[in-house]
Amino acid sequence: MKKRISASELINNLKLNRDYVLEKSKRDNFRIALDARDKIEQNSILIELKEEGFNFESVWELVNSSNNYAILIPILLRHLSIDYSDRTKEAIARSLAVPDASYAWSTILNEYKNSNAGTGFKNGLATAISVICSDEFIDEISNLLDDKRHGDSRLLILRGLKKLKSAKARYIIDKLSNDPDFSKEINSWSKL
């Protein structure tokens, strides 16, 4: 039987492992380079956000912000269609995953339909759609969920459908529960 070691012992052992230290250093350097690139790429949007009183180092800070930033939504929408890296576009899209962005449904929906499956941007848009969806858009949501071209991002939209309480939403969920793309997710829900 192997002797159990504490977390601090494990960390100390890893620090003595040359391969681990080298790999960690490579990952850390990559992250630093990525953050530096993001800061340069996002400079124009960060300046606009700062003009509105929001001083961020990265658009990603908005995603995790508990502040109300409804005033920034028009800026985010303007930058949504600019040709940024996938990482920056994903941050902008995820920043729109707030109820205050519901007025931009058609813009977010069109960007989603025209984006490439398997990208962070598409997943960010799907997250925004899941937050701002309502029974008013149930037919469009159903069409998105049926369209396999949108890939796995549809699972994120499905989670938005779950919060809707209409009979039509329940019917769509029931129908999708037999679809292999959705059945595992739906069956994991304890109760609608």
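Student: Which side chain is joined to that of Gln42 by a polar contact of 3.5 Å?

Tutor: The model is predicted: local features need pLDDT of at least 70 and side-chain atom pairs count only at pLDDT 80 or more, whereas totals for chains, interfaces and linings use all residues. Residues are numbered from 1 along each chain as its sequence is written, and side-chain values use heavy atoms, with hydrogens and water left out. A polar contact is a pair of N or O atoms within 3.5 Å; within protein, one must be able to donate a hydrogen and the other to accept it, and residues adjacent in sequence count only if both atoms are side-chain atoms. The partner of Gln42 at 3.5 Å is Ser58.

Student: Is Gln42 buried or exposed?

Tutor: Gln42 is found in the loop between H2 and H3 (helices are DSSP runs of H or I, at least four residues, numbered from the N terminus). Its side chain also makes a polar contact of 3.1 Å with the side chain of Thr88. Buried means under 20% relative accessible area, exposed over 50% and partly exposed in between, with a 1.4 Å probe and protein chains only. Because its relative accessibility is 0%, Gln42 counts as buried.

Student: Which residues of H6 are buried?

Tutor: H6 is mostly covered, with seven of its ten residues buried. These residues pack against H2, H3, helix H4 (60-63), H5 and H8, where contact means heavy atoms within 4.5 Å. The buried residues of H6 are Thr88, Lys89, Glu90, Ala91, Ile92, Ala93 and Ser95.

Student: How far apart are the end C-alpha atoms of helix H2?

Tutor: At its N-terminal end, H2 is capped by Asn17, a side-chain oxygen of which lies 3.0 Å from the backbone nitrogen of Asp19. The expected span of a helix is 1.5 Å times one less than its number of residues. The 24 residues of H2 (residues 18-41) should therefore span 34 Å, and this agrees with the separation of the end C-alpha atoms, 34 Å.

Student: How are H8 and H10 oriented, roughly parallel or roughly antiparallel?

Tutor: Axes are lines fitted to C-alpha atoms, for helices over the stretch in contact, and angles run from 0 to 180 degrees between N-to-C directions. H8 and H10 pack at about 10 degrees, with their axes 8 Å apart. Angles under 35 degrees count as roughly parallel, over 145 as roughly antiparallel, 65 to 115 as roughly perpendicular and the rest as oblique, so H8 and H10 are roughly parallel.

Student: What distance separates the C-alpha atoms of Phe137 and Trp105?

Tutor: Phe137 lies in the loop between H8 and H9 and is buried, with a relative accessible area of 14%. Neighbours within four places in sequence aside, Phe137 is in contact with Trp105 and Ile132. Phe137 and Trp105 are 32 residues apart along the chain, and their C-alpha atoms are separated by 8.9 Å.

Note on methods. Helix = DSSP H or I, 4+ residues; strand = E, 2+ residues; numbered from the N terminus.
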